[in-house]
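User: Could you take a close look at one part of this model for me, the helix packed on the sheet and what surrounds it? I'd like one connected walk-through.

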Amino acid sequence: MKGIIALSLAVVCSFTICTQGKLHASCKIEWTWGVNCTMVKDAIIMQIKKWTSADNCKDGGEKCLYMLKEVTDNQIKATHTTPKHHYVDDLTFTFKSNASEFCNVEGYSTSETWYAVLDAGTNYCNLHNLITGAGLDKFAKYSETTSDRVCTQYSSRNCGKY
């Protein structure tokens, strides 16, 4: 039995390394907006606070159970807990530009579960749902950049579910 589990894990790990280059479920996204970072930062913080309770998950999806952990001048740290299995993911938003007309942000989500390899795009959705929930995808000169290489199962994501 141990041999089958080890072989299965090796196959999954090999698949992940070959197709995504990493062994742990996570996602990195780069965003750009044509507005100042204060507006973006405030919108993300408000959305995290809006989705703290489990109320928004009762009809499905995971737009709930976010928790704000720390806010500094150039960073927001939060967590997201999946409503069904209660897995916790760590979220970090790093603000790279404070120019009055331009904002660059790097978002990163990673599973706290040490054995998480594949995540069905959950780490992408942790970040993406906050951005779209806050309406930031409608802001001037918005762009988002990521790929399967830096974001586990990005191309098979379903943010209506996760």
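**Around V40**

Leaving aside neighbours within four places in sequence, V40 touches W33, V35, F95, C103, V105 and L136, where contact means heavy atoms within 4.5 Å. Bear in mind that this is a predicted model, where local features need pLDDT of at least 70, side-chain atom pairs count only at pLDDT 80 or more, and totals for chains, interfaces and linings use all residues. Residues are numbered from 1 along each chain as its sequence is written, and side-chain values use heavy atoms, with hydrogens and water left out.

Helix α2 (residues 37-50) lies across β1 (26-33), β2, β3, β4 and β5 (103-111), running at about 140° to β2. Helices (H or I, at least four residues) and strands (E, at least two) are DSSP runs, numbered from the N terminus; axes are lines fitted to C-alpha atoms, for helices over the stretch in contact, with angles from 0 to 180 degrees between N-to-C directions.

Now the sheet itself: six strands make an open, antiparallel sheet ordered β2-β3-β4-β5-β1-β6. β2 (66-71) and β6 (143-145) are at the edges with a single partner strand each, so one side of each has no neighbour in the sheet. Two strands count as paired if DSSP finds at least two bridges between them; β3 (residues 75-81) and β4 (residues 88-95) have seven, in the antiparallel sense, and K77 has T92 in β4 as its bridge partner.

Back to V40: along with W33, I44, F93 and F95, V40 has the most contacts inside the largest nonpolar core, of 29 residues. Such a core is a set of buried (under 20% relative accessible area, 1.4 Å probe, protein chains only) Ala, Val, Leu, Ile, Met, Phe, Trp, Tyr and Cys residues joined through side-chain atoms within 4.5 Å. The largest share of this core, six residues, comes from α2.

Technical notes
Buried means under 20% relative accessible area, exposed over 50%, partly exposed in between (1.4 Å probe, protein chains only).
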